[in-house]
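Good morning, everyone, and thank you for making the time.

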Amino acid sequence: MVDLIKRAKELIETSVVKVLIGYEQGTANKTRALFVEKADDADRLIFDSRCVQNLAAYVTKKEVKEKGKMAIAATLPVMRSIIQLASEFQVNDNNLLVLGITPESKLIEFANLVEVETFVHKYEIEIDARNKEMLDKLEKMTQAERWKFWMDELSPCFKCYACRAACPMCYCSRCTVDFNQPQWIPVPSHELGNLEWHIMRAIHLTGRCIDCDACYNACPLSIPINLLTKKMLADAKEHFGAYQPSLKGDHLMSTYKPDDKENFIQ
Amino acid sequence: MSKIGVFVCHCGENISATVDCAKVAETAGNYDGVAFSVDYKYMCSDPGQNLIKSAIKEKGLTGVVVASCSPRMHEPTFRKACAEAGLNPFMCEMANLREHCSWVHEKGEATTEKAIDLVRILVEKVKYNHSLNEIKVPVTKTALVIGGGIAGIQASLDIANTGHKVILIEKDPSIGGHMSQLSETFPTLDCSQCILTPRMVEVAQHPNITLYTYAELESLEGFIGNFKAKIRRKSKSIDEKLCTGCGQCTTKCPVKKIPSEFNEGLGKRTAIYVPFPQAVPNKPVIDRINCTYYIKGKCKVCEIVCPTKAIRFDQEDQIMEVEVGAIVIATGFTVKQPDFFPEYGYGKYPDVITGLQFERLASASGPTLGEIRRPSDDKVPEKIVFLACAGSRDPAKGIPYCSKICCMYIAKHAMLYQHKVHGGKSYVFYMDIRAGGKQYEEFVRRAIEDDGVNYVRGRVSRIYEKNGKLIVNGVDTLLNAMPVEIEADMVVLATAGIANEGAEELAQKLHISYDPYKFFAEAHPKLKPVETNTAGIFLAGACQAPRDIPESVAMASGAAVKVAGLFSQDELTREPIIAVVNRQAPPVYSSCVGCFLCVSACPYQAIEKEEIKNRNGELIKLIAKVNPGLCQGCGTCVAFCRTKSIDIQGYTHEQMYTEVMALLNEY
């Protein structure tokens, strides 16, 4: 990623941006986020197939935002997240510069978010074959079997909220689960409480989740919670049409369109 | 500590027949925070209300639960009683023991247990109630009437005559609607145009009415008393101020073969046209789809012949914004076309026509000047068949309802045919004759007995053409289902009355509900027939269901009174049951993160963005803010808000949670 390092140095040196978010080598052969504030730090930037963490999760963090204008080395899922965040008024052209990394690992610098949107819209959001198969399998289960599947999967969850921390869409200053007057979602990590938390999260992400799998990758127990969001993505697609994050603000779940099928209430 | 009063009503025997009211009152009396509990025969009666008032005063109650009927009818009664005794009316809650319990369950212990549960829920809720104040909003005393048929005309005139301003918009070039197309009207056979056109002229000349023809509603924002409507005035391609309506352009226009909408395709019109001679306003419009100039870029004959130079080819649609306080929807209906009926030839036989087309044939202003002639060859039909219920009352065709007006107009059609074609033979195939209405039955009897129309009770399975005749295969169910075959010269289908094309879209623009057939829904089928579920929007005429003229007029006058009633006040009082975005102490200010998904979810455009600034005027945070005038308290935003930053006053998260927990916890 010679191009990225060179460009990062220029951007920092000329003060176009105050901080650049990218990947660096972490411990145990893993990558982690790097926040480049000095030109020399840019040499630590890397990019390879291990870089799957969704860096868009950092652009809404107060600590990063406070530094000033940000730049981000963004893969396709990250760019999708950024467009969704922009449609929710969390980032804009004044505070974020996107250095896109195409699926062919080419670097593109976008002048503005509209260009990012155009680029992102070239690619459909598709659920991969392995997960699609898993969803079909779940669909074919009886209610009792499915209940058992989720109870088994979710009972080890100890609510570390790594999924929430890794998700770029979980930027709320107060999460529903932290809302305690009244405490709608139980905090203790028992089976039902876990189920309620993960269902609530999936519902809050419907029409917003861009299927980056960051939640699943972050889970220390590898619970397939991304199946819930994937199922919601598939259902939303079926009922309300193909989903693409868009700057127009025509949010999938909150905007009524005359051609919405609404089959489920007929 | 709360001091709550519980008042259990017997509702005569409506509740006490299945619920042990004394036990409910006794049990409730033992709950924490309940200071007074009593049961009484009629809580809504004067002595019943006095019971509440004196308890509030004597026991110093801080909250009241009335366990009686649904809040729909008597919530205002009990809130008023509380207010009169000095308690904030929103500290009063109702437990619905009648509709939700006594009426739907057998007498028994379980029924009483449920009643106790219902009371307990509300006792717990009312502990979290807060005093609320009513919201006052001003009223713009101008009405918008959409649709210039007889219903829209009547509503406009009635409202205008009470001294209020009316804006009437009509999508066609002239007002008059379907009524102007009719020949004669049942049950008196007076000429439709003769009674309608004076009203049309009155509309045009009324000082309180502003008429915009060729105009449609573009969008609507706001709420009762304070609507903002955008109206699209489609380009007529003429300067209305200069045009005198002399008619030179329409006579000289070279495009003369366009099927006339007014004549239901049986006559022709030009590209620049006035729909009919009595049109109001009597000024032409250019139909840009068919005009040679707009197609090929040359012609301009009308511009050359116009003596006042009123033609404006480059005129554009105008969007006009008006502020109105109430809206009457009178957009009318349409009829199914013959191409809907495969068994009657999919509309390929020119002599199988609709009832509305027959009106044009029978009309003195129609294409045949009132003579009944076949569209195919202009011959006078010697045998004519009328088919009732073409599409209507036919669940297989997706129209299970009765179109209501057909039985009467078929009798009229058959009668007119017999009057005009002496020696002609007419047949009516019917399922039932529905002639409920003043002088309606007598009218049908006249057709059968005096004018000799042959009524055959049965349906027609097929119509096909053979040797220039239309063969009608039917059955006479009064003669033991004997097959009937008639060689007819012409067939008139009383096709089903259906909602207008675009009715659904209009309903969505207006935020009103509609039924499965896209007719607009009234607020209550019996007691609120002209109101919609959206306050300040009323219905008149056939946009709500198929209606005849007297009914449309009556509905229009009814809607007009509702509007006049609304306009008789300078301010409206609204319930404070609205959404509120929370505010907290700095540095948080609000738990709202400003994603504004609520803005797109709100069906009333009631959510705005609020800037929170520091003392130097720098923006700290952008959060959602609910406009209390616009919010209807539907709660959609509450459900959408991930951070739970929005609450409905009177139905807060805390109150809802308390209710649920009160139901789940053992007592």
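Let me begin with chain B, where, among contacts between residues at least 6 apart in sequence, 69% join residues at least 24 apart. Please keep in mind throughout that this is a predicted model. In chain A, residues 24 or more positions apart account for 65% of the contacts with a separation of 6 or more. As for the make-up of the two chains, chain B comes to 18 helices and 34 strands, while chain A has 10 helices and five strands. Of the 667 residues in chain B, 46% are buried, and of the 266 residues in chain A, buried residues make up 34%.

Let me now turn to a sheet in chain B, which is an open one, formed by four strands in the order 2-1-3-4 with parallel pairing. Which strands stand at its edges? They are strand 2, residues 34-40, and strand 4, residues 92-96, and each of them has a single partner strand, so one side of each is left without a neighbour in the sheet. On average, and with direction ignored, neighbouring strands here are turned by 15° against each other.

How many residues of strand 3 of chain B are buried? Six of its six residues are, so to speak, under cover, and the strand counts as mostly covered. As a general point, side chains in a regular strand alternate between the two faces of the sheet. In strand 3 of chain B, B:Gly63, B:Val65 and B:Ala67 point one way, whereas B:Val64, B:Val66 and B:Ser68 point the other way, and all are buried. Lying across strand 3 and strand 4 of chain B is helix 3, residues 71-84, which runs at about 150° to strand 4.

Moving on to a pair of helices in chain B, the axes of helix 6, residues 150-161, and helix 7, residues 192-205, come within 10 Å and cross at roughly 50°. From helix 6 of chain B, the contact is made by B:Ile150, B:Ile153, B:Ser156 and B:Leu157, and from helix 7 of chain B by B:Leu196, B:Arg199, B:Met200, B:Glu202 and B:Val203. By class, this contact has six nonpolar, one polar and two charged residues.

Further along chain B there is another open sheet, this one of three strands in the order 24-25-26, with antiparallel pairing. Strand 24, residues 460-466, and strand 26, residues 482-488, stand at its edges with a single partner strand each, so one side of each is left without a neighbour in the sheet. The twist averages 20° from one strand to the next. Strand 25, residues 469-476, pairs with strand 26 of chain B over seven bridges in the antiparallel sense, and B:Asn473 stands opposite B:Glu485 of strand 26.

Is A:Gln53 buried or exposed? A:Gln53 counts as buried, because there are 21 C-beta neighbours inside 10 Å, and the cut-off for that class is 20 or more. Leaving aside its neighbours within four places in sequence, A:Gln53 is in contact with A:Thr31, A:Ala33 and A:Ala214. The C-alpha atoms of A:Gln53 and A:Arg32 are separated by 7.7 Å, although these residues are 21 residues apart along the chain.

Finally, we come to where the chains meet, a contact that takes 18 residues from chain B and 17 residues from chain A. On the side of chain B that touches chain A, helix 14 (503-510), helix 16 (597-601) and helix 18 (653-664) of chain B each supply at least two residues. By class, that side of chain B has eight nonpolar, six polar and four charged residues.

Note on methods:
Residues are numbered from 1 along each chain as its sequence is written. Chains are lettered from A and ligands numbered from 1 in the order in which they are written. This is a predicted model: local features need pLDDT of at least 70, side-chain atom pairs count only at pLDDT 80 or more; totals for chains, interfaces and linings use all residues. Two residues are in contact if their C-beta atoms, placed from the backbone, lie within 7 Å. Ala, Val, Leu, Ile, Met, Phe, Trp, Tyr, Cys and Pro count as nonpolar, Asp, Glu, Lys and Arg as charged, and the others, Gly among them, as polar. A residue is buried if 20 or more other C-beta atoms lie within 10 Å of its own, exposed if 12 or fewer, and partly exposed in between; C-beta atoms are placed from the backbone. Two strands pair if DSSP finds at least two bridges between them. Axes are lines fitted to C-alpha atoms, for helices over the stretch in contact, and angles run from 0 to 180 degrees between N-to-C directions.
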